[in-house]
Amino acid sequence: MKRILVLAGVIFGFLNLSWGQLSFPGTPVSFQKEQLSWYVPTVDLPSLDIQKLLDEDAVSKDKGTPLRVGVNHQVTLNMYNSGKWDHLPNGERIWRMAVRSEGALALHFNFNQFVIPKGAEVYIYSPDRQHVAGMYDQRSTLEDGEFYAQDIPGDEMIIEYYQPASVDGTPQIEISSVGHTYKAISNYKGYHGTAEGDCHINTACPEVEPWRDQVNSVVLIKITAGEYVYMCSGAMINNTRQDNTPYVFTAEHCYESGAAWRFYFGYETSSCEAIGGSFNKVAIGGQLVAKGQDSDFMLLKITGDINENYKPNIFLAGWNRNSTTPSVGAAIHHPGGDYKKYSKPRSVTSGTGYYTYFWRVGWLLGENNKGTTEQGSSGSPLFDANGYIVGSLCCGTSSCEYIDANNVGPSGFDHYGKLSYSWTGNNTTNNARKLQPWLDPDNWGNVALAGRYWNDQVGVDQYSAIETFTVHPNPSGGLVSFKDLVLESTATCFVYDPMGRLLISTTLQPDDLYQFDWSYLSHGLYLVEVKSQQKHYRAKLLITK
């Protein structure tokens, strides 16, 4: 069914311009064209029984399943069967269409075709023009020709296509589904959902500051697949090439075949006690890299470009694959799809029985409690005391609210899949079932790797190749020299321990002898890296005492 929408007025101030994933600064042309009609044809989507959905969700709160937050309306809406074209006297063309789904907290479009001629522009915005997504253009389309737009708050949104007179080509825009977020919220809850418990701590609070880097690695994952929209948590994770490959570590039970993946960065409150904050910094497109059921892990790769404005604050978390019980650290997650939260564990032990491949985590009790987890926290990382990821949340019985004496509530336990087990998947030969080929692609053998910010180092992809050189003698007592190292300009030599910690940084010149006394290093394996503007070398060194 279609109806006519009357825009409330022309509002040029206070626009919430959301420059998202493959989007660029701009303003919808219709906001500036007085000769355009304010009337836009609107497609009304079928009404939903929201209470029934909420009742179903109340029964299914298992952390071992992704959190359902929305319904996915299947549609076929394109520039030929919907909307309205305006042809201006100067040759410009504008197509607009509104979509309404009553009662939605937010809406988003999923496109199976998004062909935009070079020079044309696309925007999506709320009828009151307070929320604007875009500009999108030909650079926004994913490699497979699809596109997933970010959320627009409210139950109505408008898509606008603008083609200047000077632009040739025919656009092909087709919407395959519309995501309707239905989870009710209050003023104290998040834009993408709501935490049921009130024991979680906002990550903007001062006590979380020691974990700021780890907080900046955690992302909310929105999964549109089939009839529904789901939610999980995850973390950006580093690899030994340190080349900014956009890997996201999460749980296998969050996997949905054929899903439209959205990854939200920095979704957290603006201050400790704030009731609002950042919510729409998004990258789109996800590719399954590896997953395994035994330890409930999944590694995804973001396939769409990430906005350059986001990158300085993206932390690629470090990891520790040691199989010994980790020290107590922190949990960072998005319970119920809420703003990012911090929870402090009481204990970490190894699981038993069915949970042999999991860490068993207990939470602080009574007045000492500093959060637990809940559905929506699925896939979120468990950090050890050094800030390294050691597991991803699978399932458990903890919650902020006391339920009964059977370890359900704050005294309940949660299970995080062991990264140490997921590393080789019990020595499987299938690379799609283990982490090692992806997080250590050159087989350096790191037991752990420190995290780093996206812009901290020059990525390996800026070099033509990684080359090897010889450290002699090897093994060594510490007096070493480099062979097969040809430098054309000044370079820097880095030495890391097996935990990925930087121990030595020294400048090299092309005419140096490359002789070093590292006898003060302890017995063990070290990674030696040399970087110049033209070359990138790596070698291993074994120190024996």
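The legends below describe close-up views of a hairpin, a cavity and several disulfides in a predicted model. Residues are numbered from 1 along each chain as its sequence is written. Because the model is predicted, local features need pLDDT of at least 70 and side-chain atom pairs count only at pLDDT 80 or more, while totals for chains, interfaces and linings use all residues; side-chain values use heavy atoms, with hydrogens and water left out.

View 1. Strand S36 (residues 491-496) and strand S37 (residues 502-508) run antiparallel and are joined by six bridges; strands here are DSSP runs of E with at least two residues, helices are runs of H or I with at least four, and both are numbered from the N terminus, while two strands pair if DSSP finds at least two bridges between them. Tyr496 stands opposite Leu502 in S37, and among the five residues between the strands, Gly500 takes a positive phi near 85°.

View 2. A cavity is a set of points on a 1 Å grid over the protein atoms alone where a 1.4 Å probe fits but cannot get out, and its lining residues have an atom within 4 Å of a point. Searching the whole structure gives one cavity of 30 Å³ or more, and the volume of the largest cavity is about 130 Å³, taken as the space filled by probe spheres set on points joined across faces, edges and corners. Its lining includes Tyr496 and Gly500, together with Trp444, Glu529 and Arg538, and strand S39 (residues 524-532) gives the most to that lining, with three residues.

**View 3. The disulfide of Cys205 and Cys272.** A disulfide is a pair of cysteine sulfur atoms within 2.5 Å, and by this rule there are four. Cys205 is joined to Cys272 with an S to S distance of 2.0 Å, and the link is right-handed, with 80° about the S-S bond. Cys205 lies in the loop between S14 and H2 and Cys272 in the loop between S18 and S19, so the pair ties together parts that are 67 residues apart in sequence. Cys205 is buried, at 5% relative accessible area, whereas Cys272 is partly exposed, at 21%; buried means under 20%, exposed over 50% and partly exposed in between, with a 1.4 Å probe and protein chains only.

**View 4. The disulfide of Cys232 and Cys254.** The sulfur atoms of Cys232 and Cys254 are 2.0 Å apart, and this link is left-handed, with -95° about the S-S bond. Both Cys232 and Cys254 are buried.

Technical notes. 1 Å grid on protein atoms, 1.4 Å probe; cavity = no way out; pocket = protein on both sides within 12 Å on 5 of 7 lines; lining within 4 Å.
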